Amino acid sequence: MSEETTQLDLSAELDRLSAMSETTGDDPDRSLVLHGACFDPESVVGHELRALCTDGAAELRGRRVGLALHALHEKDVHAERDGERVPIEALLDAVGGPALADGYTLDRETGAVLAVVDPGETVVLRVAASSPAGETGTEQRVDTDTLANATVVGFRDRERYRRYDAYGRPYS
């Protein structure tokens, strides 16, 4: 291993350790436990909670990750504040609250995350995260029946669109 490579490796490790030691606000005792890993939430960007992994698998520790809001409502996920469990919604509010006021829709055929712009009779959706479906900001209109009944091509039993509220809870 050359001296230059060793310096780069050490710099990366120092950056990782520095990120782990940073506090992200006035309340450093809030955390999110996800499948055995512990995360320090920082902010909500679009449909994701951005968080720093403080404990867990070595490949995750010290890394900032984006966690889809709807994944936070699975049974193995819980939020804590000072060691006490709190609702996921309270954790999201503590880091600034939801970024998408009317929620979002996940297109399970294309993988696109679509922000709900207007939840009327014809739902107006905007591509919120880059995907093969289109460039961020591209709008499309989908009537509520299509949104509720469309299936993934070739999979009759699998709904195409999954709609979530601003906190990532399934839309009812």
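Visitor: What makes β1 and strand β2 a pair?
Guide: In this predicted model, β1 and β2 (residues 37–45) share 3 bridges in the antiparallel sense. A pair needs at least two bridges, so 3 bridges are enough for the label. One place to look is Val33, which stands opposite Cys38 in β2. The two strands also form a hairpin with 2 residues between them, and His35 in that turn has a positive phi of about 50 degrees.

Visitor: With which strand does β1 pair over 5 bridges?
Guide: That is strand β5 (residues 77–81), and the pairing is antiparallel. Leu32 has Ala79 of β5 as its bridge partner.

Visitor: Why is β1 called largely enclosed?
Guide: Strand β1 (residues 30–34) has 5 of its 5 residues buried, so the rest of the structure largely encloses it. Both faces are covered: Arg30, Leu32 and Leu34 are buried on one side, Ser31 and Val33 on the other. Across the protein, buried residues make up 37% of the 172 residues.

Visitor: What is the strand order in the open sheet of 5 strands?
Guide: The order is β10-β9-β8-β7-β13, with antiparallel pairing. β10 (139–143) and β13 (161–164) are at the edges because each has a single partner strand, which leaves one side of each without a neighbour in the sheet. From one strand to the next, the twist averages 35 degrees. Inside this sheet, β7 (residues 104–107) and β8 (residues 113–119) are joined in the antiparallel sense over 3 bridges.

Visitor: How do you know that Thr105 is buried?
Guide: Its relative accessible area is 0%, and buried means under 20%, so Thr105 qualifies. Thr105 lies in strand β7 and stands opposite Leu114 in β8. Leaving aside neighbours within four places in sequence, its contacts include Val116, Leu125, Leu147 and Tyr161.

Visitor: Why is the pair of Tyr104 and Tyr164 called tilted?
Guide: A search of the whole structure finds 1 aromatic pair. Tyr104 and Tyr164 have 5.3 Å centre to centre and 35 degrees between the planes. Ring centres have to lie within 6.5 Å, and planes under 30 degrees apart count as stacked, over 60 as edge-to-face.

Visitor: What makes Arg163 a charge over the ring of Tyr171?
Guide: The charged end of Arg163 is 3.9 Å from the centre of that ring. The distance has to be within 6 Å, along with a position within 35 degrees of the ring normal. Arg163 is listed as sitting over the ring of Tyr171.

Visitor: Over which residues is the pLDDT below 50?
Guide: The protein averages a pLDDT of 81, and 77% of the residues score at least 70. Over residues 23–28 the pLDDT is below 50, and this stretch has 6 contacts in the model beyond near neighbours in sequence. Where pLDDT is low, the predicted coordinates should not be read in detail.

Terms used
Residues are numbered from 1 along each chain as its sequence is written. This is a predicted model: local features need pLDDT of at least 70, side-chain atom pairs count only at pLDDT 80 or more; totals for chains, interfaces and linings use all residues. Side-chain values use heavy atoms; hydrogens and water are left out. Helices (H or I, at least four residues) and strands (E, at least two) are DSSP runs, numbered from the N terminus. Axes are lines fitted to C-alpha atoms, for helices over the stretch in contact, and angles run from 0 to 180 degrees between N-to-C directions. pLDDT is the predictor's confidence in each residue, from 0 to 100. Contact means heavy atoms within 4.5 Å. Rings of Phe, Tyr and Trp (its six-membered ring) pair if their centres lie within 6.5 Å; planes under 30 degrees apart count as stacked, over 60 as edge-to-face and the rest as tilted. Buried means under 20% relative accessible area, exposed over 50%, partly exposed in between (1.4 Å probe, protein chains only).
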